[in-house]
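Student: Could you take me through this model, piece by piece? I would like to start with the strands and then turn to the ligand.

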Amino acid sequence: MSTASIVTRSLTKSYSSLTALDSFNLEVDRGSIFGMLGPNGAGKTTLIRILTTLMRQSSGEASIEGFDTLLSGREIRRVIGVVSQENSLDRYLTARENLELHARLHGMERRFYKTRIDELLELMGLTGRQQDFPDTFSGGMQRRLVIARALVHKPQVLFLDEPTTGLDPQSRRTVWEYVRSLAGSMTIFLTTHYLEEAEHLCDRIAIMDHGRLITVGSIQELKDRLSGATIYEIEFSGDGATHYAALLGSMSCVMNISRMENKVTVTLECWECLSEIVTALNGAPVRRILLKERTLEDVFISLTGKKVRE
Ligand SMILES: Nc1ncnc2c1ncn2[C@@H]1O[C@H](COP(=O)(O)OP(=O)(O)OP(=O)(O)O)[C@@H](O)[C@H]1O
Ligand SMILES: [Mg+2]
């Protein structure tokens, strides 16, 4: 069997005149955590809806664990767990009953699902609230319950559409820890607006916008794909900044320079230029030189021209 768990080929979805997914090609390795980033309206939820068989594509192909989304919906629904963008809990059932209903819908026998549900409630920190109704839960608790529900039948592929949007930092961390603890045991496909989340959780990420795949790779690969330029911040003590900013600005290896009070930020063509800079600064009142790490946000902005919005 191939090592890809999720495959799409020229996948396209149009809503009348709007192309929400445009010839989308993607492969997600089995057992990996894959993050899909993109601004509002990029097409992330549309992609998840097609992969989870809630919606049919206009053209192209998609498969999950070798099952075609158009031909084998039933088989796919058996092997996937889905956490949709909105919490779709049954408000007239207790937390535990929500999980039990899901187990029965998946044809699980009581003797199997009882311990499984105990286990998941414990993991999600919801054991003490299992007899309560979801409406009495905080947003973070509801989200954890939805994730628990998606896992009751031990899916091979888990889809999480913005799992932590609207959660406070602490609930977000709890969800992250749990998702990380699942690493390797199943394929996880998540969408997010949070670069920090993608950086924290994902083995590989993709960036999409306007229904198109812009780039895909490991976080380090994406950062490396930005130009080879390196950025340093030089902090001066006293009032050396003005004089040295002018000096550095006249050097050919300096591509860009800016000054904020006693800090000068220089963009160098390549890291080898640093020694020229250090020579030029001989005797200058330098307090420190910092290498500015490129962030995933830099990658996102340089590729989509947009800041990540929530
Ligand atoms: N049922 C629908 N009918 C018509 N247009 C739709 C429908 N669902 C989505 N769209 C449009 O398709 C595009 C992609 O929407 P989608 O919900 O997939 O984006 P998204 O990346 O999930 O955005 P967000 O980050 O806001 O959740 C948007 O322009 C949206 O308005
Ligand atoms: Mg969405």
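**Strands and ligand**

Tutor: Four strands form an open sheet, in the order β2-β1-β4-β5, with antiparallel pairing. Strands are DSSP runs of E with at least two residues, helices are runs of H or I with at least four, and both are numbered from the N terminus. Two strands pair if DSSP finds at least two bridges between them. This is a predicted model: local features need pLDDT of at least 70, side-chain atom pairs count only at pLDDT 80 or more, and totals for chains, interfaces and linings use all residues. Residues are numbered from 1 along each chain as its sequence is written, chains are lettered from A and ligands numbered from 1 in the order written, and side-chain values use heavy atoms, without hydrogens and water.

Student: How many bridges join β1 to β2?

Tutor: Strand β1 covers residues 4–15 and runs antiparallel to β2. Thr8 has Leu26 in β2 as its bridge partner. The number of bridges joining β1 to β2 is eight.

Student: In the hairpin of β12 and β13, which residue takes a positive phi?

Tutor: Strands β12 (residues 254–260) and β13 (residues 263–268) pair antiparallel over six bridges. Two residues lie between the strands. The one with a positive phi, near 50°, is Glu261.

Student: Which element gives the most to the shell around ligand 1?

Tutor: β2 (18–29) and α1 (44–51) each give two or more residues to that shell. With three residues, the top contributor is α1.

Student: What is the distance from an oxygen atom of ligand 1 to a polar backbone atom of Gly41?

Tutor: Polar contacts here are pairs of N or O atoms within 3.5 Å; within protein, one must be able to donate a hydrogen and the other to accept it, and residues adjacent in sequence count only if both atoms are side-chain atoms. For a polar backbone atom of Gly43, the distance to a ligand 1 oxygen is 2.9 Å. For Gly41, it is 2.8 Å.
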